[in-house]
Amino acid sequence: MAQVVHDVLNPGCVGRVLEELRGVFGGVTWRRLGGLLSGGLLCRLLWSQYGILLKRRLPYWSMGWPILGHTPGILSMTIEGWADKFMQGKPPAVLTNYLFTNTVIVSYQLYSQHIQSMELDGKLGSAFPPSLSKLLGKNSVLTLPGGKGHQHHKRLRTKLLHSLAPKPCLEVLPEMSIEVRKMLDKLAEDTARNGFASFEASGSHLAAKVSTLQITAGLSKDLQARVEDLVDTVVSGIFSVPVNLGRFSAFGRAMAARRDLQGIVTQLLKRPILDKRNILADLAKVTESGEAFTTEEILDTIFTLLLAGKFTTSDALPNLFVNLSQQPDWAAKVAQESLEFTSIESDSAALRVVLESLRIVPPVGAYRRVDKEKAIDLGEHGQIPAGCQFAVFLKTELASMGDGFDPGRWTSDVVKSHGWLAFGGHQPHSCIGRSLALLELQLFARILCREYDFKALDPERIAKASNPINKCYRDGLRVTVTRKARP
């Protein structure tokens with residue numbers, strides 16, 4: 001071995017190698033070498049997009065522009081707007097390329113027929129952007145493989161569903177009522193001062209506040225505010241390029257905020273007594289719903305709850321406000337309902353209005369999965385190649401229920417079949433915070449309709465670069481809000 005190393009490092013040997021390289025590349029200039037490298041990179045990018053077309057029994061395909069795919073359409077219309085337009089007149093399975101990834105878009109009906117059983121059997125994995133996966137953590141119930149045979153996911157999800165059941169959610173109802181009124185009073189003050197108020201920013205703040213209630217229960221106001229600010233910073237890095245440049249990149253700032261949140265949660269776990277409404281206390285001990293979470297599992301779970309809670313309702317609140325403003329008859333029915341809740345999911349005017357608002361604009365209109373080992377057979381519509389991501393578009397199924405805004409469609413039978421599609425439907429990764437979200441939205445609707453006069457001013461949903469998933473309202477949704485005179 002020593003002799004081999006000596007021969008390789010011998011100056012004469014090195015010189016001969018250099019001479020041979022000059023012979024091979026003697027006519028290559030730096031410009032030509034750069035061209036060769038650029039050409040190689042271009043070929044690799046094109047192959048990553050079009051190489052899949054050599055697979056057998058592919059679904060109908062539309063790959064878009066070379067390299068870019070349909071990404072330009074998403075940037076100009078959001079995923080929501082682009083998908084609505086793109087899938088018109090197409091079969092229920094379409095192979096395409098967007099956000100620089102080959103993806104098969106699948107209708108919910110086709111998913112139910114050919115894929116759902118595989119997901120329940122634990123054969124599929126989640127497919128999240130790298131930045132989101134890193135921010136959520138390896139123990140997140142959203143990123144862990146779920147379904148039959150995946151005990152880690154089952155253990156975490158079972159205990160979480162117990163901690164986030166209707167009864168624990170109802171325990172924070174008084175604090176939630178205070179936050180809703182505080183938000184609406186602020187909008188009323190802005191209306192009195194400026195003639196209008198901007199709803200979207202206030203709605204996003206309320207969503208962040210409510211999502212932290214069961215985590216920050218019993219904490220000081222300053223610490224609660226600190227947690228909310230850190231959550232906003234983390235959210236800003238979810239769809240960024242996963243390059244950590246510290247405070248000089250959105251992802252770097254998000255990771256720094258995550259570390260700060262981790263420090264806060266770690267200190268909370270060391271407290272001998274936590275407020276009984278704080279779910280950290282439940283997760284950190286053995287209960288009838290399961291064994292205690294490890295510190296790392298608690299940290300990743302908290303990040304998941306904070307982010308998922310904020311996303312679920314921050315878009316839903318503006319849409320709910322607009323629908324109530326445009327449907328005075330339903331607003332009047334909601335105003336007759338009590339602010340006390342004995343059940344979160346029992347039939348009511350508020351629940352029907354909420355479900356209809358979520359039907360028209362679901363917070364997350366699709367979710368992505370992948371089978372890394374086997375192709376997925378779609379019957380007459382071909383097959384999804386092994387390792388190729390697919391996206392189940394729920395919004396198309398919800399839109400097929402009918403045109404217009406009609407909360408009356410939500411009978412008990414319809415709720416059983418379609419009521420929870422906006423929360424992911426029946427699959428191992430469906431929304432674990434459904435009870436909290438439904439309580440927040442119904443409470444908001446009832447307080448708004450009972451105690452305030454309100455109006456949405458020329459609401460128009462448009463695409464914004466800050467939200468690549470759903471459209472936002474122009475000018476942050478201008479509204480007027482005034483308190484009703486007390487009798």
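Biologist: Why is arginine 57 called partly exposed?
Modeller: In this predicted model, the relative accessible area of arginine 57 is 42%, and that value is set against a scale on which buried means under 20%, exposed means over 50% and partly exposed lies in between (1.4 Å probe, protein chains only). Arginine 57 is therefore partly exposed. Being a predicted model, it is read with thresholds: local features need pLDDT of at least 70 and side-chain atom pairs count only at pLDDT 80 or more, while totals for chains, interfaces and linings use all residues. Residues are numbered from 1 along each chain as its sequence is written, and side-chain values use heavy atoms, with hydrogens and water left out.

Biologist: Where does arginine 57 sit, and what is its phi?
Modeller: Arginine 57 belongs to the loop between helix 3 (30–50) and strand 1 (60–62), where helices (H or I, at least four residues) and strands (E, at least two) are DSSP runs numbered from the N terminus. Its phi is near 55°, a positive value in a residue other than glycine.

Biologist: What makes phenylalanine 100 count as buried or exposed?
Modeller: Phenylalanine 100 has a relative accessibility of 54%, and on the scale already given it therefore counts as exposed. The residue lies in the loop between strand 2 (93–98) and strand 3 (101–107), and its phi, near 65°, is positive although the residue is not glycine.

Biologist: How do you know that helix 16 is largely enclosed by the rest of the structure?
Modeller: Helix 16 covers residues 316–326, and nine of its 11 residues are buried, which is why the helix is described as largely enclosed. Among the buried residues are Leu317, Pro318, Phe321 and Val322. For the protein chain, with its 21 helices and 13 strands, buried residues make up 49% of the 487 residues.

Biologist: Why is helix 17 called oblique to helix 18?
Modeller: The axes of helix 17 (residues 328–335) and helix 18 (residues 349–360) come within 8 Å and cross at roughly 135°, the axes being lines fitted to C-alpha atoms, for helices over the stretch in contact, with angles from 0 to 180 degrees between N-to-C directions. Angles under 35 degrees count as roughly parallel, over 145 as roughly antiparallel, 65 to 115 as roughly perpendicular and the rest as oblique, and helix 17 is therefore oblique to helix 18. Trp330, Lys333 and Val334 of helix 17 are in contact with Ala349, Ala350, Arg352 and Val353 of helix 18, contact meaning heavy atoms within 4.5 Å.

Biologist: What makes the arrangement of helix 17 and helix 21 parallel or perpendicular?
Modeller: The axes of helix 17 and helix 21 (residues 434–451) come within 8 Å and cross at roughly 100°, and the two helices are therefore roughly perpendicular to each other. Helix 17 contributes Ala331, Val334 and Ala335 to the contact, and helix 21 contributes Ala445, Arg446, Cys449 and Arg450.
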